[in-house]
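Subject: Structure handover

Hello,

Here is the structure I said I would pass on. My notes on it follow below.

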Amino acid sequence: MKNVWKPGDARPSRTRAFGWLAQRFTGAGLVLFLAMHFWVQHMPTGFLATAEEYLDITSELAAAEPGFAEAIAEGKIKQALPGEHVITFRKVQQRLANPLWKFIDVMLLLFAVMHGMNGLNNVLEDYVHQPMHRVIVRVSCWTAALLLSAQGVVSILAVGNWF
């Protein structure tokens, strides 16, 4: 008699092979999009504020909000060092005004979620032995991942003038 797969059983070998392939594919995508993200966030690409721009921003905020000026005076908010490049909201807005960077950030988010959820599925197969518990945990995690991914995508698309 042929074995029939039922929900809660260990995953069939074809599903495991797809999971293995998906883990490699999402891992390669993560390396690509992380390299792009790292490059734009940490190299002088024009999307980082200079120390002078940062000083202008902090001065502007200190003039508008006394609490901000106190935080600077207490050393809680430090000044940028000469030659230091700083990530500011304004520069992130400028970068995300370009649809290509929105695409890159959305893909980074989605590849990271898919890679993490696929890895979590493998952990659940190994360590959660009760089929019903595995289904409950898997559905809960996928629900949370989908909701958080949707919120992340909407947040990325909302920056700038594209959404």
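To start with a single side chain: E53 has a relative accessibility of 32%, so E53 counts as partly exposed. Please keep in mind that this is a predicted model.

E53 makes a salt bridge with K91, with 3.5 Å between the closest N and O atoms. E53 belongs to helix α2 and K91 to helix α4 (residues 89-96), so this pair ties together parts that are 38 residues apart in sequence.

Searching the whole structure gives six salt bridges. Two others to look at involve E125. R138 pairs with E125, the closest N and O atoms being 3.0 Å apart. Since R138 lies in helix α6 and E125 in helix α5, the pair ties together parts that are 13 residues apart in sequence. R138 and E125 are both buried. E125 also meets the side chain of R134 in a salt bridge, at 4.0 Å from N to O, and R134 is buried, as is E125. Through shared partners, the salt bridges join E125, R134 and R138 into one network.

Helix α6 (residues 131-158) also holds V135. V135 has a relative accessible area of 33%, so this residue is partly exposed. Together with M132, I136 and V139, V135 forms a nonpolar patch on the surface, and the four have about 360 Å² of accessible area together.

Now the interior. In soluble globular proteins, nonpolar side chains tend to be buried together. In this model, the largest nonpolar core has ten residues: L30, F33, V40, L96, W101, I104, M107, L108, F111 and V159. Helices α1 (13-42) and α5 (99-127) each supply at least two residues of this core. The largest share, five residues, comes from α5.

Back in helix α2 (residues 51-64), there is also T58. Is T58 buried or exposed? Its relative accessibility is 3%, so T58 counts as buried. Which residues does T58 contact, leaving aside neighbours within four places in sequence? They are F68, I72 and Q79.

In short, if you open the model with these notes beside you, I would look at the E53 and K91 pair, then the network of E125, R134 and R138, and then the ten-residue core.

Regards

Methods: Residues numbered from 1 in each chain as written. Predicted model: local features only at pLDDT ≥ 70, side-chain atom pairs only at ≥ 80, totals over all residues. Heavy atoms only, no water. Helix = DSSP H or I, 4+ residues; strand = E, 2+ residues; numbered from the N terminus. Buried < 20%, exposed > 50% of the residue type's maximum accessible area, 1.4 Å probe, protein only. Contact = heavy atoms within 4.5 Å. Patch = residues over 30% accessible without salt bridge, like charges linked within 9 Å, V, L, I, M, F, W, Y side chains within 5 Å. Areas by Shrake-Rupley, 256 points an atom, 1.4 Å probe, with all protein chains shown as cover. Core = buried A, V, L, I, M, F, W, Y, C linked by side-chain atoms within 4.5 Å.
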